[in-house]
Amino acid sequence: MSSAPRQGKFTANVVTPLVTGAAPFVRRFSDSADTVGMDEGLSLQYLHRRVAEGVNARRRASWLFGRLYNAMTGSNPAQVELSGAVLLTVTRVLGHDRPEGVVAASRLSLPLEAAERLLADYTAAVKSRGLVA
């Protein structure tokens, strides 16, 4: 009997290309999910996640390896990218006019500070409606 550990059918050499090859396919699902109309709760989660990513990118930008990480991942410490579906939901709940030219499938970049203010206002509005504790 040998004491060598048994290798499974899927080793790292086999699985890695499969996962890497599936990334564009999965990204298309993610992009399409962002452009479908979202309810208030999902829009809050999406907006919170995007603002948190921007805040983390801004924090990382203060040191060399953080700037390198931001460059490799495409993180922008000054801008937050939002889908049109989320922006339309947020403006509807806040009672603002519909932004001109924005459709659910569009992608928009907002300054990080504006996205943070939008998140604070939207969180307060959603809490007042009783959707979030």
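What follows is a chat about a predicted model.

Colleague: Let's start with helix H5. Which residues does it cover, and what span should it have?

Modeller: H5 runs over residues 112-128, which is 17 residues. At 1.5 Å a residue it should span 24 Å, and its end C-alpha atoms are 24 Å apart, so the two agree.

Colleague: Which residues of H5 are buried?

Modeller: Leu112, Ala115, Leu118, Leu119, Tyr122, Ala125 and Val126. They cover an arc of only 140° around the axis, so they sit on the same side of H5.

Colleague: And which ones are exposed on the other side?

Modeller: Arg117 and Ser128 are exposed there.

Colleague: What follows H5?

Modeller: Gly130 follows H5, and the phi of Gly130 is positive, near 80°.

Colleague: On to the core. How many residues are in the largest nonpolar core?

Modeller: That core has 18 residues, and Leu47, Val90 and Tyr122 have the most contacts inside it. H2, E1, H4 and H5 each give two or more residues to this core.

Colleague: Which element gives the most to this core?

Modeller: H5 does, with 7 residues.

Colleague: You mentioned Leu47. What does Leu47 touch, leaving out residues up to four places away in sequence?

Modeller: Leu47 touches Leu82, Val90, Leu118, Leu119 and Tyr122. Among these, Leu118, Leu119 and Tyr122 are buried residues of H5.

Colleague: Different residue now. Where is Thr91 found, and is Thr91 buried or exposed?

Modeller: Thr91 is in helix H4. Its relative accessibility is 8%, and buried means under 20%, so Thr91 counts as buried.

Colleague: Which residues does Thr91 touch?

Modeller: Not counting residues up to four places away in sequence, Thr91 touches His96, Asp97 and Pro99.

Colleague: Last topic, pockets. How much space lies in the largest pocket?

Modeller: About 290 Å³.

Colleague: How many residues line the largest pocket, and which lie nearest its centre?

Modeller: The lining has 14 residues, and Arg50, Glu53, Gly74, Ser75 and Asn76 lie nearest the centre. H2 and E1 are the elements that give two or more residues to this lining.

Colleague: Which element has the largest share of the lining?

Modeller: H2, with 6 residues.

Definitions and conventions
Residues are numbered from 1 along each chain as its sequence is written. This is a predicted model: local features need pLDDT of at least 70, side-chain atom pairs count only at pLDDT 80 or more; totals for chains, interfaces and linings use all residues. Side-chain values use heavy atoms; hydrogens and water are left out. Helices (H or I, at least four residues) and strands (E, at least two) are DSSP runs, numbered from the N terminus. The expected span of a helix is 1.5 Å times one less than its number of residues. Buried means under 20% relative accessible area, exposed over 50%, partly exposed in between (1.4 Å probe, protein chains only). The arc is that of the directions from the helix axis to the C-beta atoms. Contact means heavy atoms within 4.5 Å. A nonpolar core is a set of buried Ala, Val, Leu, Ile, Met, Phe, Trp, Tyr and Cys residues joined through side-chain atoms within 4.5 Å. On a 1 Å grid over the protein atoms alone, a cavity is a set of points where a 1.4 Å probe fits but cannot get out, and a pocket is an open set with protein on both sides within 12 Å along at least five of seven lines; lining residues have an atom within 4 Å of a point. Grid points are joined across faces, edges and corners, and a volume is the space filled by probe spheres set on the points.
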